[in-house]
Every structure is written in structure tokens, then in C-alpha cells.
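Please read it alongside the sequence and the structure shown here.

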Amino acid sequence: MSNELHTISIEEAQARAERADTALREAAEAAGLVDVGIGTMPSPVGELYLAVTRKGLACIAFEEQDRDGLERRFAQELSPRVVASARATDAVRRQLDEYFGGARHAFELDLDRRLMSPFVEKVLGATAAVPFGEVSSYGAVASRIRRPNAARAVGAALGTNPIPIVVPCHRIVGANGKLTGYAGGLDRKEFLLHLEGDPTLFATS
Amino acid sequence: MGTRTPPPFERFLSEHGATVMRFLVVAVGSAHADDVYQETFLSALRAYPKVRDDGRLDRWILRIASRTAIDHHRRVAKGPTPTPMPPDRAVHDPEPLDDGLRDAVAALPAKQRIAVVLRHVMDRPYDEIAEVLGSTEVAARANVSAGLKSLRERVG
């Protein structure tokens, strides 16, 4: 009896479930049940992974970052309703495409800062004030947040930026104009600054 | 080990989607499986932020799938009775008729059908079937054996 009732195999069920998941995700979005919409997009700095909540863009990750780990963090700190959603990530993808195409110098996106500690949020707030085509130094950011001796802590905080590119931590360079560190790798930092016209510290401050 | 936040929903879906689909294809029939699948996971998603991960989320989702399947059968069975719900658009779609067994399974009362499928397709223990049906373990066993008995009579 039990064998006769096995009407579809696990493989068939898997394939059919995956097809049904597409409609499910759309229905979930329509019902307002997606708290963290995730998606990916191609870019000149490799595939980008995006996470957007009702408050705004919460996370951008480069392709080598651990997405499972990030999603577990979203589940803990934002909501476990983490669902792939083209609609939720659409505006972000469009603006990033414009940025990489040279047509956009400033992002107009709401940000969800819940993945930043209070100190990191302060540092990144000061970083966001550095416009396209300019750079600033770790020390200058430290002074701006009234912690003039905290240049190293500023560097560490920038390294945890959950929203790189849009929150432009790549615009913070060493006092000598050297690129020093970047969580996404120095190649990407160089690429982004080149895209923005190779600003130098001496030309702007 | 305490209870904790459930995994990201996408991960939960990829872990349990195939099992739920396999269950539903037999429990409600192939023609209705996709609809009931979606209804099942939307119910799960609605409750998701409040669920605690006790390591048995497989049981939790199968319970939701079973209840959704039973509700589906009640709606279909009571087709002519006026209900406040909009009529199930799939009610009048003919099910693909594979063999006598599938017809016989489809003809079982909802609880018997779910009980038989849980026991003999999903290999679930009787205590879990009882939990899903909201009955005692004795009643769950009775549902399975009554279901099997009428299947044997119909299929011969």
C-alpha cells in the first residue's frame, strides 16, 4: 500500500515546489508579508546582493560575502520574514545601475540603519556627507564626529558598513591619500573612486 | 537548548517545500496541490515572526499543510452548500485520473485521507498524526485503519 501511494518522487516534488515558490513570493509581497526583500544584480564590481525592508535599504553585499550568515542576521535583528522580492529591490537596482552607468552622482534612497551600532551609525552619517567626486580622511571623519583621536576606530567602523557604495565609505582614504583598507577589497575601492573621477585628498581638503 | 528565532523564511522554504508539495499532491490531488501549497506557506509566513524554532519546524509546517488540506476538502465536499467563502475556482476542474487508487484516495473522508497519507506516504508517527488531526493517538490509528480498509475494498 505505502509504495503505491508514492505518487511523485522527491525530485519531482522539489522541481514542482520551486515553480510554485515563484507564485508564492508574489502572493507574499501582495499580502504585505515580506519584511526583508532580498535580490541580486550584476554590476561592474561583481554580483551585488541587496536587502530592503519597509524602512529602506538595509544591506548591500559583495559576491564573496556569506549570504547565509547575513540572512541569519536579518532574521535575528530585522525579521525572519526574509523573502526574495524583485519588487522590493527594484528602486535600489535602478539607482545603482544609473550610478555605475555614470548617470547618477547621489542616491535618493531611504536607508534602514538597524544593522549599524550607534557608533557605526555616527561614523557612516559623517561619511555620507562626503559627496561624489571627493574624498576625506579617517582623521577628518573622526574630527567631524568630535572624536579627533578615534581615527582607528573610524577605520574599523567603516569596515563594518552594511551598505557600501550607497553609504560611500570608499571615499575615506588615508591622510597621505593612500587607499589603505576596504571591506570589499582595494580593487573595488579603486574602481569606485576611478568611476567618480579619481578624486584626491589634496584637491578637496 | 532553548527555543529561538526561526531561520530566514527563504531557507525554511527551501528546506521544507519539497516535502510539503509531495504530501499535498497525494493529500489534495495534483490539480489542487499548487493552490493549497501557496495557502499553506502564506499561513506559515503570517505566523512566522512569532514562531519559536524548537528544532521541529518540519512538524509545524506539516501541521499547517494538513489543516489547510482538510479545509480544502471541506470546501470542495460542501460544494453546493452556500458558504461565506468565494467558491474554490478549482472545484470543477476535473482531476487527472491516473488510476483506481488515486480515485479511491480522493473518495476518502478528509481526515481519513490526510491520516493515510501522513502515515503511508510521509511515514509520520501516530502521535504526530494525532497532533495534526487534533485527536487522540487512538483516533488517529482508527482513521488510518478505516482509510486503508475502504481503500482495499475499493481497489480490491
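Q112(B) is buried, with a relative accessible area of 16%; buried means under 20% relative accessible area, exposed over 50%, and partly exposed in between, for a 1.4 Å probe and protein chains only. The residue Q112(B) sits in helix α5 (residues 110-120) of chain B. Helices (H or I, at least four residues) and strands (E, at least two) are DSSP runs, numbered from the N terminus. Apart from neighbours within four places in sequence, Q112(B) is in contact with N143(B), A146(B), G147(B) and S150(B), where contact means heavy atoms within 4.5 Å.

The model is predicted: local features need pLDDT of at least 70, side-chain atom pairs count only at pLDDT 80 or more, and totals for chains, interfaces and linings use all residues. Residues are numbered from 1 along each chain as its sequence is written, chains are lettered from A and ligands numbered from 1 in the order in which they are written, and side-chain values use heavy atoms, with hydrogens and water left out.

**The two chains**

Chain A has nine helices and six strands. Its C-alpha atoms fill a box of roughly 80 × 35 × 30 Å along the principal axes. Of its 205 residues, 48% count as buried. Among the contacts in chain A with a separation of 6 or more, 62% are between residues 24 or more positions apart.

Chain B has seven helices and zero strands, and its elements run α-α-α-α-α-α-α from the N terminus on. Buried residues make up 51% of its 156 residues. For chain B, residues 24 or more positions apart account for 71% of the contacts with a separation of 6 or more.

**Helix packing in chain B**

Two packed helices are described by the angle between their axes and the distance between the axes. Helix α2 (residues 30-47) of chain B packs against α3(B) at an angle of about 130 degrees, and their axes are 9 Å apart. Axes here are lines fitted to C-alpha atoms, for helices over the stretch in contact, and angles run from 0 to 180 degrees between N-to-C directions. The helices α2(B) and α3(B) are therefore oblique to each other; angles under 35 degrees count as roughly parallel, over 145 as roughly antiparallel, 65 to 115 as roughly perpendicular and the rest as oblique. The crossing of α2(B) past α3(B) is right-handed, a crossing being left-handed if the near helix is turned anticlockwise from the far one by less than a right angle, and right-handed if clockwise. Residues of α2(B) in this contact include V36(B), F41(B) and A44(B), and those of α3(B) include W60(B), I64(B) and H72(B).

Helix α6(B) is mostly covered, with six of its eight residues buried. The buried residues are Y126(B), E128(B), I129(B), A130(B), V132(B) and L133(B). Their cover includes α3, α5 and α7 (137-155) of chain B. Just after α6(B), G134(B) takes a positive phi of about 70 degrees.

**Salt bridges**

A salt bridge is a side-chain nitrogen of Lys or Arg within 4 Å of a carboxyl oxygen of Asp or Glu. By this rule there are 25 salt bridges over all chains. Three of them are listed below.

| Pair | N to O distance |
|---|---|
| R94(A) and D90(A) | 3.1 Å |
| R63(B) and E131(B) | 2.4 Å |
| E128(B) and R124(B) | 3.3 Å |

R94(A) and D90(A) are four residues apart in helix α4 (residues 86-100) of chain A, which puts about one helical turn between them. R94(A) is partly exposed, at 46% relative accessible area, and D90(A) is also partly exposed, at 32%.

The salt bridge of R63(B) with E131(B) links distant parts of the chain: R63(B) lies in helix α3 (residues 57-77) and E131(B) in helix α6 (residues 126-133) of chain B, 68 residues apart. E131(B) is partly exposed, at 33% relative accessibility. In the salt bridge between E128(B) and R124(B), both residues are buried. Salt bridges that share partners join R56(B), D58(B), R59(B), R63(B), R124(B), D127(B), E128(B) and E131(B) into one network.

**Helix α7 of chain A**

In helix α7 (residues 151-158) of chain A, V154(A), A157(A) and L158(A) are buried. Seen down the axis of α7(A), its buried residues fall within an arc of 95 degrees, so they line one face of the helix; the arc is that of the directions from the helix axis to the C-beta atoms. On the other side of α7(A), R152(A) and A156(A) are exposed. The cover over the buried residues of α7(A) includes α5 (118-127), α6 (138-144) and β6 (172-173) of chain A.
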